Amino acid sequence: MDASSPSPRRRGRCRFAVAVTAQILALAPMEAPAAEPADAGKPVVIRIDNFTFGPETVTVAPGTTVTWINGDDIPHTVVSQSRIFRSKTLDTDDRYTFTFDAPGEYPYFCSLHPHMTGKVVVKDPAG
Amino acid sequence: MHDPTDSDGDPSRPSRRGALECMAWAGTGLLWTLGGGLPRAVGLERALAAEAAPAPFSFLQISDSHVGFSKPANPDALGTLREAVERIRALPQKPAFIIHTGDISHLSKDGEFDDADQILRETGLPLFFVPGEHDLLDDEQGRAYLARYGKGSRGAGWYSFDQGGIHFIGLVNVVDLKAGGLGNLGAEQLDWLEADVAGLASSTPVVVFAHIPLWTVYPEWGWGTQDGARALALLRRFGSVTVLNGHIHQIIQKVEGNVAFHTARSTAFPQPAPGSAPSPGPMKVPAGELRRHLGIASVTLVRGSEPLAIIDTPLAG
């Protein structure tokens, strides 16, 4: 993971804050690498390799910057199922970054290969 | 052209046929013959051998040229497309036209489309296209494709036409894909399809072409179309239906009732057999073997009781 630069805040984040409530977070899938969000604010990297988002589910604290990096020889995209975020086409080694401010669950997929799905869970560290 | 030593014949004297044989794997096409309404694909090699038996009507399928692709699986996708076109130009029996089943470009860039168009034009044949997901990657998600190839089409680029007594239907199943799902036709296109075939006699041979297989080849890799069965149900009454697809960069065929399914090779790079690799990504094959995995297909309509003849031809054998 890249622990360097502070997360670049992006415009218009707050309007999504009410979209999803935090109450169902306890149901986060077991494959989530951490039931509790990692260090608040620490950037998170999701790799795209072999037509798979890895880790498939990440749990982060509000304000966390998540970066997807495409390691495949085929382009992919990162598209929120609720259209909250959408990357451009990511060719090999291209990356896309989004900062998650509002608690909630953010399922996403690759619009070119829709069998590729993942989820970002945003959760207050206090629980 | 590629090294002809891969062919079975005398490598020191590559005849025209030998040279064409060589291309049979690496990016040429399928020659399709419709016989008695049923399709048969015939490798270009066999088509070339049958010089005395002219087919009444034939057309060619080419797919997944991925112009712009330059990764290790094939650093020169433009070059192998050019080889495919050379093979097409060498056919003794000129096909009526070419169907391109999508992924013309790799990243939908204008330059990629320009290069593909310039090379494909050298066939001197009319061309019909349907988009692959790689052709809709412009910022406006397909506007560039429609501006270039969509004249006279509906919706995201679907259309039909009649040639040689066959009803041809080009479908688009790479738009508005749903998370966790497969290829998608959508209600609007299915409604159009229903109306499109409503007036046709059931004896009319039908050829349907789309990028992603309309039948479920391997859902774990997304190789299928969510609502493909609904399209096929609309075609069930026809005595001869041929479904031509691309996307999976390898030949897979099956026959179900009156429906013959066929996927074509790519002219750019091979992909692994379903489930045989960690992912469907480009398959790097040993140097010298690439052209055995690329190819074209030609289809011939034979009136009578024979099925459509489909000839798959690699760029190299």
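Two strands are taken to pair if DSSP finds at least two bridges between them, and helices (H or I, at least four residues) and strands (E, at least two) are DSSP runs numbered from the N terminus. The model is predicted, so that local features need pLDDT of at least 70 and side-chain atom pairs count only at pLDDT 80 or more, while totals for chains, interfaces and linings use all residues. Residues are numbered from 1 along each chain as its sequence is written, chains are lettered from A in the order in which they are written, and side-chain values use heavy atoms, with hydrogens and water left out.

In the hairpin of strand 6 and strand 7 of chain B, two residues lie between the strands, and Gly164(B) takes a positive phi near 60°. Strand 6 (residues 159-163) of chain B pairs with strand 7 of chain B in the antiparallel sense over five bridges, and Ser160(B) stands opposite Ile169(B). On pairing with strand 8 (residues 206-209) of chain B, strand 7 of chain B runs in the parallel sense over four bridges; here Ile169(B) stands opposite Val208(B). The chain passes from strand 7 of chain B through helix 6 (residues 187-198) of chain B to strand 8 of chain B in a right-handed β-α-β crossover (with the strands pointing away from the viewer, the path from the first strand over the helix to the second runs clockwise).

Five of the five residues of strand 7 (residues 166-170) of chain B are buried, so this strand is largely enclosed by the rest of the structure. Buried means under 20% relative accessible area (1.4 Å probe, protein chains only). Ile166(B), Phe168(B) and Gly170(B) point one way from the strand, and His167(B) and Ile169(B) the other way.

Aromatic rings of Phe, Tyr and Trp (its six-membered ring) pair if their centres lie within 6.5 Å; planes under 30 degrees apart count as stacked, over 60 as edge-to-face and the rest as tilted. Over all chains, 30 aromatic pairs are found. The rings of Phe57(B) and Phe59(B) are tilted, with centres 6.4 Å apart and planes at 45°; Phe57(B) is buried at a relative accessible area of 11%, and Phe59(B) is buried at 0%. Phe97(B) and Phe128(B) form an edge-to-face pair, with ring centres 5.1 Å apart and planes at 80°. This pair links distant parts of the chain, 31 residues apart: Phe97(B) lies in the loop between helix 3 (77-90) and strand 4 (98-100) of chain B, and Phe128(B) in strand 5 (residues 127-129) of chain B. Phe97(B) is buried at 0% relative accessibility, and Phe128(B) is buried at 19%.

Key
Buried < 20%, exposed > 50% of the residue type's maximum accessible area, 1.4 Å probe, protein only.
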